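This report goes through the metal sites, the charged pairs and the strand pairing of one model. Please keep the structure open while reading.

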Amino acid sequence: MKKFIFKSVLLLIVSTSLLSCSSDDSEPTEPLVCPTGYNGIDCTTQITPTRIVISKIRVKLFPNTNGGNNWDIGSAPDIFVRLGIGDGSASTVVLFTSDYIADAVSDGTNFFDFTPNTPIELLFPTQQHAIILGDYDSTSSNEFMGGLVFNPYNSTGGFPTTITVNNSSIPLRFELTVSYVF
Ligand SMILES: [Ca+2]
Ligand SMILES: [Ca+2]
């Protein structure tokens with residue numbers, strides 16, 4: 001009798017292990033992992049980032065004169081950039097204003113970099129933002145050299161590390177170095 005029980009238990013163990021073996025073979029063993037920023041059954045659906053972080057603003061093109069007149073008497077403009085949420089009107093919420101770079105001349109191939117001490121966090125990346133270029137004269141009388149509106153995030157544009165902000169009809173071009181937080 002003892003012998004019989006022992007054999008039955010042994011048989012039970014063997015069949016259980018056989019069962020679990022065949023069950024492992026019939027099921028997928030690894031879940032599908034999409035690249036960062038994507039989900040969906042085929043990993044092509046973009047995830048809207050919770051924020052976009054700007055580490056550098058590059059100014060690539062701007063008007064060297066104000067309709068033919070110099071921006072400053074006897075020298076080139078002292079350029080700075082300002083960025084905010086909104087359409088560029090007075091209601092725009094300013095997120096960042098740079099220091100200025102003195103006597104800057106745009107020759108179409110050069111550029112001027114503005115690197116914020118603290119990266120600029122865009123907490124509403126799907127909303128309209130505005131970026132302007134100014135000529136620093138004094139805190140009370142800076143001159144507006146030009147501005148553009150843009151949407152930092154495009155739900156079908158992927159996640160470029162450089163966002164270009166320009167408009168072919170005016171000589172103004174910015175390139176933002178960015179990263180995405182999900
Ligand atoms: Ca001026
Ligand atoms: Ca100047």
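Does Ser-75 count as buried, partly exposed or exposed? Ser-75 has a relative accessibility of 28% and therefore counts as partly exposed, where buried means under 20% relative accessible area, exposed means over 50%, and partly exposed lies in between (1.4 Å probe, protein chains only).

## Basis of the values

This is a predicted model, in which local features need pLDDT of at least 70 and side-chain atom pairs count only at pLDDT 80 or more, while totals for chains, interfaces and linings use all residues. Residues are numbered from 1 along each chain as its sequence is written, chains are lettered from A and ligands numbered from 1 in the order in which they are written, and side-chain values use heavy atoms, with hydrogens and water left out.

## The calcium ion (ligand 2)

The calcium ion (ligand 2) is coordinated at 2.3 to 2.9 Å by Asp-72 (OD), Ser-75 (OG), Ala-76 (O), Asp-78 (OD), Asp-78 (OD) and Asp-103 (OD). Donors here are N, O and S atoms within 2.8 Å of the metal (3.2 Å for Na, K and Ca), and because water is not among the atoms, sites may look incomplete. Along the sequence, the donor residues of this ion follow the spacing D-x2-S-A-x1-D-x24-D.

The six donor atoms around the calcium ion (ligand 2) subtend angles of 45 to 170°, which makes the arrangement irregular. Four donors count as tetrahedral if all angles lie between 85 and 135 degrees; four count as square planar and six as octahedral if opposite donors are over 155 degrees apart and all others between 65 and 115; anything else is irregular. Asp-78, at 11% relative accessibility, counts as buried.

Asp-135 is buried, with a relative accessible area of 0%, whereas Glu-143, at 25% relative accessibility, counts as partly exposed.

## Salt bridges

The structure holds five salt bridges, each defined as a side-chain nitrogen of Lys or Arg within 4 Å of a carboxyl oxygen of Asp or Glu. One of them joins the side chains of Glu-121 and Arg-51 (3.2 Å, N to O). Glu-121 lies in strand S9 (residues 120-122) and Arg-51 in strand S3 (residues 51-61), so this pair ties together parts that are 70 residues apart in sequence; strands (E, at least two residues) are DSSP runs, numbered from the N terminus.

The side chains of Asp-113 and Arg-58 meet in another salt bridge, at 2.7 Å from N to O. That pair links distant parts of the chain, with Asp-113 in strand S8 (residues 112-114) and Arg-58 in strand S3, 55 residues apart. Asp-113 is partly exposed, with a relative accessible area of 30%.

## Strand pairing

An open sheet of four strands has the order S7-S6-S10-S11 and antiparallel pairing, two strands being paired if DSSP finds at least two bridges between them. Its edge strands, S7 (93-97) and S11 (143-150), each pair on one side only. Strand S10 (residues 129-135) and S11 run antiparallel and are joined by seven bridges, and Ala-130 stands opposite Val-149 in S11.
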